[in-house]
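Please work through each task before reading its solution.

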Amino acid sequence: MKKTIIGLSTAVALSSSLFASDTSNNEMLKQIQLLKKQIQMLETKLNSNETKVSNLEKSFTDKRFTKLEKNVDRNSRKIQDVKAHDAGDNIKWDIDFRTQYDNVQYKLGNGKKVSNEAIFSNRLWLGMKFQADDNSIFYGTLSYNKLFGDNRADIMSDGGTPNNANFDWVTNEAATNDNSLKVKEAYWLYKNESFLGNSDISWTASVGRRPSTDGLGINFRADQSRKSALSHTVNVEFDGASARFNLDKITGVSGMWLKFCAGRGLTNAKLRFSADGLDYMKDNDTSENVDMAGVIFVPYDDGQYSIHMNYAKAWNLIGNKYSDYGTSSQGKFHNFGDIQLATVMFKAWGIGNGISDFLDDTTIFASYAMSKTSPDGGKAMLGSTDSETGHSFWIGANMPCPITDSARVGIEWNKGSKYWRSMTYGEDTMAGSKIAARGTAWEVYRNQKLTDALSFSLRYTHIKYDYAGSNGFFGDYGTPIDINKSPTSVEEAQNITANVRYRF
């Protein structure tokens with residue numbers, strides 16, 4: 001239409017030029033001039049309408065693009081939220097499965113030897129981790145640890161017929177009344193980079209069934225990262241709480257930190273539907289609560305050389321009485337008193353600096369520990385009514401294997417005195433806790449990585465006892481009787497261990 005108007009305007013202009021000199025056509029010229037003005041007005045109006053249309057189209061296009069852009073952005077945020085939720089909504093699992101062979105041999109004080117040359121077992125740990133936010137994490141470990149096949153000794157603990165068995169041949173195929181599941185660890189951990197507004201102190205707090213086995217020292221031969229406690233005095237499962245404070249920035253001392261721990265190992269409480277109806281009240285016919293509290297302190301750790309210390313006290317420790325033997329109270333626990341435990345360990349992760357590749361990759365440690373009993377009035381704790389102090393020394397080295405780069409070898413030695421007593425009932429060995437030995441123990445081991453997931457371990461442990469009761473509790477059965485005067489006590493123990501382990 002615009003082209004038509006432009007053509008008409010041109011024709012009018014030409015006509016005006018042709019007839020301008022012809023005075024007889026003045027009237028027609030006036031009409032042409034009038035028509036020209038009308039065409040110019042029409043053209044101006046048309047241009048104005050086209051501008052409005054163009055602006056309208058642009059506005060519509062801009063709004064539509066802006067809306068589309070917002071929708072894309074909103075959907076993108078939704079997708080990211082879903083991904084974050086899904087990632088955080090999944091528990092991260094890890095697997096530690098071990099199949100092990102053990103050969104255990106004992107020599108008694110009277111010279112008699114007893115042994116079991118072929119013990120096979122499976123142990124499964126299913127580790128869990130869930131991090132809901134930047135500050136809080138949940139950790140857990142489900143545990144299965146069992147000898148191959150059925151163990152006929154199980155039925156004796158239930159008052160069954162001697163020489164019979166419970167038969168686990170249909171454990172997972174037959175319905176039973178057993179719905180138990182062992183939980184080795186289950187706890188939450190809170191962490192923060194500042195304490196009460198002080199950014200120089202980072203800290204953590206944790207509550208639950210915390211890791212208190214396989215601590216520093218014993219972790220080398222176990223071929224795994226250390227856990228909480230120092231294993232020279234504490235290697236036993238506990239429920240409790242802890243709080244750790246990193247002090248290196250505020251003190252200027254490399255690697256300094258402090259941790260407070262507290263827990264309960266035994267609870268005195270009646271269970272639900274008790275005969276007297278006093279559910280969960282204290283039971284006066286059994287032992288008291290067994291509690292423990294302590295502190296772990298690392299005064300220095302530069303990554304190569306470090307010092308580790310701990311102090312702990314446990315109350316109302318349990319044990320048995322010789323006088324209960326053969327009576328209805330046989331096996332009953334009694335409270336005998338309290339105990340204090342202390343440890344100091346030096347560790348070097350690498351010897352020297354650049355002396356040799358072998359020394360750079362060698363870890364050595366030396367540890368001293370002591371125990372001090374506090375018997376309740378008139379009771380004989382570890383066979384003595386007096387407060388007794390025990391001592392233990394432990395040294396070890398973990399080195400690269402000279403045969404292959406994929407293996408490490410180690411050697412350890414420890415010696416405990418007459419009244420030495422540790423809380424190491426959870427030590428992973430079938431010959432009793434070597435750390436608890438009132439005598440001399442040594443062992444050698446070799447750990448080799450086979451694939452990314454598989455490893456192989458071989459270990460030999462030998463213990464020569466000077467006194468009995470090393471693996472007993474804190475009452476009469478923990479009395480340190482001279483081995484030469486106790487013909488039925490174990491004088492020597494040795495354990496050969498080999499296992500294949502899958503970890504992923």
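**Exercise 1.** Determine whether Trp203 is buried or exposed in this predicted model.

*Solution.* The relative accessibility of Trp203 is 18%. Buried residues are those under 20%, so Trp203 counts as buried.

**Exercise 2.** Classify the ring pair formed by Phe195 and Trp203, and describe the setting of Phe195.

*Solution.* Step one: a search of the whole structure finds 17 aromatic pairs. Step two: the ring centres of Phe195 and Trp203 are 5.4 Å apart, and the planes meet at 75°. Step three: planes over 60 degrees apart count as edge-to-face, and therefore this pair is edge-to-face. Step four: Phe195 has a relative accessible area of 27% and is partly exposed. Step five: ring pairs join Phe195 and Trp203 with Tyr190, Phe245 and Phe260 in a cluster.

**Exercise 3.** Characterise the aromatic pair of Phe220 and Phe365, and locate both residues in the chain.

*Solution.* The centres lie 5.6 Å apart with 20° between the planes, and the pair of Phe220 and Phe365 is stacked. Phe220 belongs to helix H4 (residues 218–222), whereas Phe365 belongs to strand S11 (residues 363–375). The pair thus links distant parts of the chain, 145 residues apart. Phe220 and Phe365 are both buried.

**Exercise 4.** Identify the ring over which the charged end of Lys227 sits, and do likewise for Arg244.

*Solution.* For Lys227, the charged end sits over the ring of Trp125, 5.4 Å from the ring centre. For Arg244, the ring is that of Trp257, with the charged end 4.0 Å from its centre.

Notes: Residues are numbered from 1 along each chain as its sequence is written. This is a predicted model: local features need pLDDT of at least 70, side-chain atom pairs count only at pLDDT 80 or more; totals for chains, interfaces and linings use all residues. Side-chain values use heavy atoms; hydrogens and water are left out. Rings of Phe, Tyr and Trp (its six-membered ring) pair if their centres lie within 6.5 Å; planes under 30 degrees apart count as stacked, over 60 as edge-to-face and the rest as tilted. Buried means under 20% relative accessible area, exposed over 50%, partly exposed in between (1.4 Å probe, protein chains only). Helices (H or I, at least four residues) and strands (E, at least two) are DSSP runs, numbered from the N terminus. A charge sits over a ring if NZ of Lys or CZ of Arg is within 6 Å of the ring centre and within 35 degrees of the ring normal.
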